[in-house]
Amino acid sequence: MQTAAAVQCKPVCRPMAARPHVARRPAQLAASAAPIARPTFSSTLNQRTLKAGRVASRVVVVKAEGGDKIVVIGLAADSGCGKSTFMRRVTGIFGGEPKPPSGGNPDSNTLISDMTTVICLDDYHSLDRNGRKEAGVTALAPESQNFDLMYEQVKALKEGKAVDKPIYNHVTGLLDPPEPTSSPNILVIEGLHPFYDERVNELVDFRIYLDISDEIKFAWKIQRDMAERGHSLESIKASIEARKPDFDAYIDPQKKKADMIIQVLPTQLVPDEKEGKILRVRLIMKDGKKLFDPVYLFDQGSTVSWIPCGRKLTCSFPGIKMFYGPDTYYGEEVSVLEMDGQFDKLEELIYMESHLSNTSAKFYGEITQQMLKNSSFPGSNNGTGLFQTIVGLKCREVYERITQK
Amino acid sequence: SAPKKEAIEAAIKEAEESCAGGASGECAAAWDTVEELSAAAAHAKAASSSTDPLEDKRVNEYCEENPAEPECRVYDE
C-alpha cells in the first residue's frame, strides 16, 4: 500500500526522500547561506530567486489554476492545547515540511512551506512580558494585543502584499525587530485571538477552535511540564486557575464563531480516568456552509451510535465508541461526530474511515495514510489526531472551492 | 532556542510570591509568564527530539553543510 501511494504521488509531490535538506532547491541553500542583515543586492537577488523557485514549486505541487485568491484559515486555542501539532498535520496535507524563515531571527514564530505560511498571533502583542507585568494583565487580555496592526497586516497579506511583521520572542519575552513576510497561497493565523476582533474575523475564510476541557488541559500540562524544574502539581494547577478568568472572558467565547470545533473531553468508557490518556473527542461542524460539507457516519442527519469492535475488528480495552448526530451549538445547527477510546492498530482506522462519508479525502485510505505519516505526533492513536486530520482535509476543500470560483 | 530551566524556576517562584496576597492582575500576569516559558520549553524540546538517530538534529545540521559526504548522499531517482 505504501509503495502504491508513493508511485501515485510521484508526479505531484516533492520527493519524499529520507532527508529533505539534501533535496532542497539550490535557491534556498543560497538564501540560507547569505547572512540577511542588510538588504544588500545579493540578498534581494536571492530572495527573488527564492520567490521564483517557490512559485515554480507551487505549480508542481498544487496544479493551481488562476490561484491568485489567498485563503485565510484561523485557528484559536489556548497555549498547550496542541496548536502546533494541529498545524503540522494541516500543513502536512498541503505537502512540504514547514520551516522557519531561513536566515532570519532564530526565535521567529512563523512557519513557511510551499503552500502555507503559519503566523503566530502572539507576534501582535502590544505589550511585551514586562509591560504586561507592570500593567497587571495577561497575554489573554485584549489590552495586550494590537488588533489594529493585526487587521492591517492580515488584510495586506490577503490582498497579496508583503508586510513587515513584528516578532514576539517567547524566550526573552520581548518584541523583536520585524521580519519581512510575503503573501502565501494559504495563510494560517493561529493563536489566542484570531476571531476576537470583528475586522480580523471577517477576513478569515475557515475558522477552527480547539476546545480542551479543564480536566484534560490539566492532565496534558502535567505531562508537558512535570519533568521541568520547579514545576509541581500545585504550580500547574495555580497557573491554570490564575489564567482562567481571562480565558473564560476573552478566549472561550470565540468558539461560537468557529466553523469547526474540536472538543476534547474525558472518556466515558472508563470510570474515573484521570490521566487524560483515553479521550472522548467531538468534532462539531456547522451545517449549511458553502465552503465545506460536514462529515457523517452511515446516514446523514440520523443519530447513530456505533461500536466498531466485534467479529470484524478486535479491540483491546476499553475499545472504541463512535457517535454521530445532529445537534445545536449556541443556537446554530451543527453535525457532531464523536469518538471515544483509542486504537492500537491501523486496521481499526481504515475500517472506521471506510464508514465515514464526506471526508474530503481524494482517495480511499487518505486519512489513514496521513495519520501513518505523522504517527509520532501526539494524539495519533485517538480521536484528536483523526479529527485534526479530517479538519485538515476540510481546509484543503475550502481552499479548492475558493480558488476554483 | 529554549528558555533556561532557571528562568522557569524563577518565574514560578515570582508567581507564587505575587499571588501571596490573593488573586490579582499581577498574580495572573505572573502565572501567564510561567505558562509562556513552559510552552516555549516544550516547543523547543519537540523541535529538537527525534526517535530516528539518522534524523537527529546534529546529523541534519552536518548533512546540510556537507551534502556530498557519503553518509549524507541521497540519490532521488
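Predicted model: local features only at pLDDT ≥ 70, side-chain atom pairs only at ≥ 80, totals over all residues.

Chain B exposes about 4,700 Å², and 53% of that comes from carbon and sulfur atoms.

**Chain B**

I then looked up the secondary structure of chain B and found 3 helices and 0 strands. Along the sequence, the pattern reads α-α-α. Chain B has 77 residues, and 31% of them count as buried. For contacts in chain B with a separation of 6 or more, I noted that 28% are between residues 24 or more positions apart.

**Aromatic pairs**

I searched for ring pairs next; over all chains the structure holds 7 aromatic pairs. I wrote down two of them in detail.

One is Phe206(A) with Phe292(A), with ring centres 5.4 Å apart. I checked where the two partners sit in chain A. Phe206(A) is in strand β7, residues 206-212. Phe292(A) is in the loop between β9 (279-286) and β10 (296-297). The two are 86 residues apart, so I logged the pair as a link between distant parts of the chain.

Are these two residues buried or exposed? Phe206(A) has a relative accessible area of 0% and is buried. Phe292(A), at 2%, counts as buried because the limit is under 20%.

The other pair I recorded is Phe298(A) with Trp306(A). The ring centres lie 5.0 Å apart and the planes are at 80 degrees, so this pair is also edge-to-face.

**Aromatic cluster**

Which residues make up an aromatic cluster with Tyr196(A)? I found Phe147(A) and Tyr250(A) in one cluster with Tyr196(A).

**Charges over rings**

Last, I looked for charged side chains placed over rings. Arg88(A) lies over the face of Phe377(A), 4.1 Å from the ring centre. Lys217(A) has its charged end over the ring of Phe247(A), at 3.6 Å from the centre.

Note on methods
Residues numbered from 1 in each chain as written. Chains lettered and ligands numbered in written order. Heavy atoms only, no water. Phe/Tyr/Trp six-rings, centres within 6.5 Å; stacked < 30°, edge-to-face > 60°. Helix = DSSP H or I, 4+ residues; strand = E, 2+ residues; numbered from the N terminus. Buried < 20%, exposed > 50% of the residue type's maximum accessible area, 1.4 Å probe, protein only. Lys NZ or Arg CZ within 6 Å of the ring centre and 35° of its normal. Contact = heavy atoms within 4.5 Å. Areas by Shrake-Rupley, 256 points an atom, 1.4 Å probe, with all protein chains shown as cover.
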